[in-house]
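Please look at the model on the screen, and I will then take you through its pockets, its helix packing and its charged pairs.

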Amino acid sequence: MNPSTPSTTDTLFTSGEIRYSQVWEDAGILSRGLEIQPSDHVLSIASAGCNALALLLEEPQSVTMVDLNPAQTALCHLKLAAIKELDYADFIGFWGAREHSKRWELFLGLRNRLPEGVAGFWAENRALIERGLLFSGRLERFFRNYQVEHLSQFHNAATLRNFLQSDTLETQKRFFEEVMATPPFVADFKDYFGKDNFAQNGRSREQFQYAEYKDVGNYLFDRFRYACVTLPIQSNFYMEAFLTSHFRNLEIGPHYLRPDAFTKLKSLVDRVKIVTAKIDDHLLSTEARNYSKVNLSDLFEYLSVTQTQELMEVLASRVADRGRIAYWNFLTARTPGEELRGRLEVQGEFSHRLWLEDNSWAYCDFQVATLTI
C-alpha cells in the first residue's frame with residue numbers, strides 16, 4: 001500500500017468517532033496464536049485497546065498500539081491513564097463495567113496525565129465519560145439498540161440469564177434450539193444484522209464494499225448459532241456483552257477488567273506506546289525487523305486485494321525473522337499472495353483449530369502467519 005495514497009476508508013477512520021469501545025475479537029485465541037515471549041516487541045491495531053492489553057499481560061518487552069482514528073487512540077490513552085492512576089474499584093466504575101457516581105471527577109484527576117490533544121478530546125465528550133465508556137462505541141450502541149428494541153420482544157432477562165448460565169453443552173444446545181431460536185427471533189435477527197441495517201447504523205457502507213457474503217444476516221445468524229450450540233456459554237464474555245451489555249462476573253470478563261490482572265497491568269503500562277497513524281506508515285517509519293509479533297485485528301476487510309498484498313509486502317519487509325502475524329477475516333477472505341510464498345506462510349491447521357474455538361464467533365476465519373526472511 002503506497003503510504004502517500006489515502007485509501008477509500010481513510011476519511012472514515014479519521015472522523016473522530018469512537019467506533020469501537022470494546023474489541024470484539026477473541027483475545028484468548030490471539031494470545032495462543034502469537035505465543036508472546038519476553039523478548040518480543042508487539043505491534044497491535046489499537047481499536048479499544050482490549051487485545052493489546054491482553055498481549056501486554058504476557059509481558060513482552062513492549063506493545064505499540066497503532067490506529068488511524070484519533071478517537072480510538074484517545075480512548076486507549078485514557079484507558080492506560082486510568083489503569084495507572086486509579087484503584088480497581090474506581091477503574092471498573094469509571095470505565096463503565098460497574099456503576100460509579102463520580103466519573104467526571106475521576107476524569108478531572110486524570111486529565112493532566114493525558115497528552116494535550118487527548119485531554120481536549122475528552123473535555124468535549126463529557127457525556128460519554130459520565131455514561132461510562134465501556135459500551136459507548138458506535139458498534140456497541142448498535143448492539144444495545146438490538147437488545148432493547150428487538151431481542152426483548154422475544155426473550156426477557158430471565159430467559160437470557162438462564163441461557164448464559166447453562167452448565168453443560170447439551171443443556172445449552174437444547175435451550176438454544178427449543179427456547180431461543182424461535183422462527184420470529186431468527187427472522188428478526190437476520191433482518192437487524194442484514195447488510196443494509198448493519199452498514200447504516202452499526203458500521204459503515206465502506207466496511208462492506210469487499211464483502212464476499214451477499215446475505216450478511218444469514219451468515220451472521222449461522223455463526224451466532226455455532227457459538228450458541230458449540231462453545232461453552234458460561235465463560236463467553238463476548239456473547240454476554242452481545243446479548244446484555246453487561247459482565248456479571250469480571251473474574252471471567254475481558255482480560256484487562258479482571259481483578260487478578262489489574263495490579264499486573266499497573267506494573268506494565270509503561271511498556272506501551274500509542275501511535276495515531278496508518279499501520280504501513282508506522283512500519284516504514286520505524287527500525288526494520290523491530291516488531292516480532294503483530295496483531296492486525298480484521299484490518300484486511302477494509303482493503304482491496306491489491307491493497308492487502310501491498311500491506312503484506314510491507315509486513316514481510318519490516319517484521320522480524322520468524323515473527324508472527326495474526327488477523328481475522330470477517331466477510332472477506334484475505335491471505336498472503338503467491339509472491340510471498342515461502343516468506344509469509346499461514347499456519348493453516350493451527351489457525352483453523354484456534355478459529356473453531358473463537359468465542360467472538362462472527363468471523364469467517366482466523367489466520368496466523370509466520371515470516372521467514
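I begin with the second largest pocket, whose lining residues divide into 3 nonpolar, 2 polar and 3 charged. Here Ala, Val, Leu, Ile, Met, Phe, Trp, Tyr, Cys and Pro count as nonpolar, Asp, Glu, Lys and Arg as charged, and the others, Gly among them, as polar. This is a predicted model, in which local features need pLDDT of at least 70 and side-chain atom pairs count only at pLDDT 80 or more, while totals for chains, interfaces and linings use all residues. Residues are numbered from 1 along each chain as its sequence is written, and side-chain values use heavy atoms, with hydrogens and water left out.

The lining in question consists of Ala157, Leu160, Arg161, Leu164, Glu240, Thr244, His246 and Arg248. Two elements give two or more residues to that lining, helix 10 (157-164) and helix 15 (237-244). Helix 10 gives the most, with 4 residues. Helices are DSSP runs of H or I with at least four residues, strands are runs of E with at least two, and both are numbered from the N terminus.

The space in this second pocket is about 150 Å³, and in the largest pocket about 190 Å³. A pocket is an open set of points on a 1 Å grid over the protein atoms alone, where a 1.4 Å probe fits, with protein on both sides within 12 Å along at least five of seven lines; lining residues have an atom within 4 Å of a point. Volume is the space filled by probe spheres set on the points, which are joined across faces, edges and corners. Residues lining the largest pocket include His77, Lys84, Arg113 and Asp270, and the lining as a whole divides into 5 nonpolar, 1 polar and 4 charged.

Finally, the structure holds 19 salt bridges, each a side-chain nitrogen of Lys or Arg within 4 Å of a carboxyl oxygen of Asp or Glu. In one of them, arginine 324 pairs with glutamate 35, the closest N and O atoms being 3.2 Å apart. The two residues are 289 residues apart, with arginine 324 in strand 5 (residues 324-329) and glutamate 35 in the loop between helix 2 (27-34) and strand 1 (41-45).
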